[in-house]
Amino acid sequence: MKNIILITIDSMRADDIGYSKEESLTPNLDALASEGVVFNNAFSQAPTTKSSFPCIMSSTYPIMLTEFKKGLGMRLSIARVMRKHGYLTAAFNSNPYLSRYYGYDDGFDYFYDSFEFGGKTNNNPLIGKIKIIIKICKSKIPTKIKNLVMPFTYNTPYEDGIELNKKIKNWVSENKDKQFFLWIHYMDVHEPFIPDEKKAGISKKDMIKLNLKLRAAKEDETNLTENELKKIINIRKYDVSHMDEVVGDLIDRLKKMDVFRKSVLIITADHGDEFKEHGGILHTSKLYDELIHIPLIINGLDSLPKKINEVVGSIDIGPTIVDLNNTDKPDEWMGNSLLPLLDGRSTRNFVISEMLLRNKNSVINSIRTKKWKFIYDIAENKYELYDLHKDPKELNNISAEYSRKVEEFKGLIKEHYKNKEEKEKMIRRKKLKQRIKILRKKDD
Ligand SMILES: [Zn+2]
């Protein structure tokens, strides 16, 4: 059985990958895609790290159980399942929301999250540089003063992928004779966008100024002119291209250690980013395609290269990983293995995503099929419907003309809530039984 390497790239949009374009920014990812299986219609179940990752790592929907406030909480992680099946498990990441503070170390034999916890795991890693930077950006300090102060404090707060690769290489070289499940999360495409000055042809100071404006525009979009937005989109391209170099560097290292040919690589993203396609900036509480359409590539399977157009979700990653190991999907999980799609068997007709609207304390849901996108604000009973064949940018809401279709999708959402409720009950019952068992053992 091969090793399984899950690579997640924060904030990488499906259209960042170059295989469908003339001028590609991602030759290394394109090469992995051309040898592997590419899912052209993969969607995340939520548009932010905190809400999307419980789904990726435990094949459950974002808004259930602990409502993603405490990371994985009661959910059964892929790492725990793979460790039970005899895999050595390791993870490398530098996103505070995916740190051990939020419980993402669950099931990993080795876990690197780049944060200093002072020996404790209950210190919130956000109380650090990132929090200070965000505070300054959001504060009412005049922009002129911000611009003067920030260049001295403003370095990319996340670890560069090349640095992370060095640590990964050390771990792999020590453990390459064992069978392992490795999860790597890269932050190189996440804002702030501060690529190499020479490559981007813009000074670091100017890039910082633009990033500060971008941050401010997340709160109030009038803070960013069209010209500044264009510049931001342009410098972000260099981060995408750097991300691809990081993946190339990782593949080189794996090949040198003779680990690449013994591994299946699953490459995806947690969500995308918006650049005013629907009026907003970066990742927010929306479910349009720029935020949920993600890349998904599987390399290292024994099958021929393939491009699959069926809709699939992040929720299907866990079940695919256990299927690669020829083992059954745990009862707790809600996704479907992607492997039947390789033989032309279909696994689902639609993908459901969801997001909590903090200010209104309600939830929006979406249904994505190959042709349709339905977005439903349950509390407000508001909905949008887009025909993606005619309107791929989701600009023309035609819900009023297709009331039967709207009712059909509303019915599917209702069913979705029923399924989640049943699954929640089952998980809570199972957890309770486990706790009783542990307490009884203690009594004995
Ligand atoms: Zn993210």
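Biologist: How many bridges pair β14 and β15, and in which sense?
Modeller: There are 6 bridges, and the pairing is antiparallel. Bear in mind that this is a predicted model.

Biologist: Which residue in β15 is the bridge partner of Lys373?
Modeller: Tyr386.

Biologist: And how many residues sit between β14 and β15 in the hairpin?
Modeller: 4 residues. Asn381 is in that turn, with a positive phi of about 50°.

Biologist: What about β13 to β14, how many bridges there?
Modeller: 5 bridges, and the two strands run antiparallel. A hairpin of 3 residues connects β13 to β14. Arg368 has Lys373 of β14 as its bridge partner.

Biologist: How many bridges for β12 and β13?
Modeller: 7 bridges, antiparallel. Leu357 is partnered by Ser362 in β13.

Biologist: So what's the strand order in the sheet?
Modeller: β12-β13-β14-β15, an open sheet of 4 strands with antiparallel pairing. β12 (351–357) and β15 (382–387) are at the edges with a single partner strand each, so one side of each has no neighbour in the sheet. From one strand to the next the twist averages 15°.

Biologist: Which helix packs on the sheet?
Modeller: α12, residues 403–443. That helix touches β12, β13, β14 and β15. Its direction makes about 115° with that of β13.

Biologist: Switching to α6. Which residues are buried there?
Modeller: Gly161, Leu164, Asn165, Ile168 and Val172. They cover an arc of only 100° around the axis, which puts them on the same side of α6.

Biologist: What does the buried side pack against?
Modeller: The buried residues of α6 pack against β3 (88–92), β5 (180–186) and α9 (226–256). On the face turned away, Lys166, Asn170, Ser173 and Glu174 are exposed.

Biologist: What span should α6 have, and how far apart are its end C-alpha atoms?
Modeller: At 1.5 Å a residue, the 15 residues of α6 (161–175) should span 21 Å. The end C-alpha atoms are 21 Å apart, which agrees.

Biologist: Now the core. How many residues are in the largest nonpolar one?
Modeller: 95 residues. Ile7, Ile184, Met243, Ile266 and Ile297 have the most contacts inside it. A second, separate core has 13 residues, including Ile208, Leu224, Ile232 and Tyr238.

Biologist: What does Ile266 touch?
Modeller: Leu6, Ile7, Ile298 and Ile317, leaving out residues up to four places away in sequence.

Biologist: Is Asn326 buried or exposed?
Modeller: Asn326 is exposed, with 8 other C-beta atoms within 10 Å.

Biologist: What about Glu394, where does that lie?
Modeller: In the loop between β15 and α12. Glu394 also has a positive phi, about 55°, without being a glycine. With 19 C-beta neighbours inside 10 Å, Glu394 counts as partly exposed.

Note on methods
Residues numbered from 1 in each chain as written. Predicted model: local features only at pLDDT ≥ 70, side-chain atom pairs only at ≥ 80, totals over all residues. Expected span 1.5 Å × (residues − 1). Buried ≥ 20, exposed ≤ 12 C-beta atoms within 10 Å, placed from the backbone. Arc of directions from axis to C-beta. Contact = placed C-beta atoms within 7 Å. Core = buried A, V, L, I, M, F, W, Y, C linked by C-beta atoms within 7 Å. Pairing = 2+ DSSP bridges. Axes fitted to C-alpha atoms, helices over the stretch in contact; angles between N-to-C directions.
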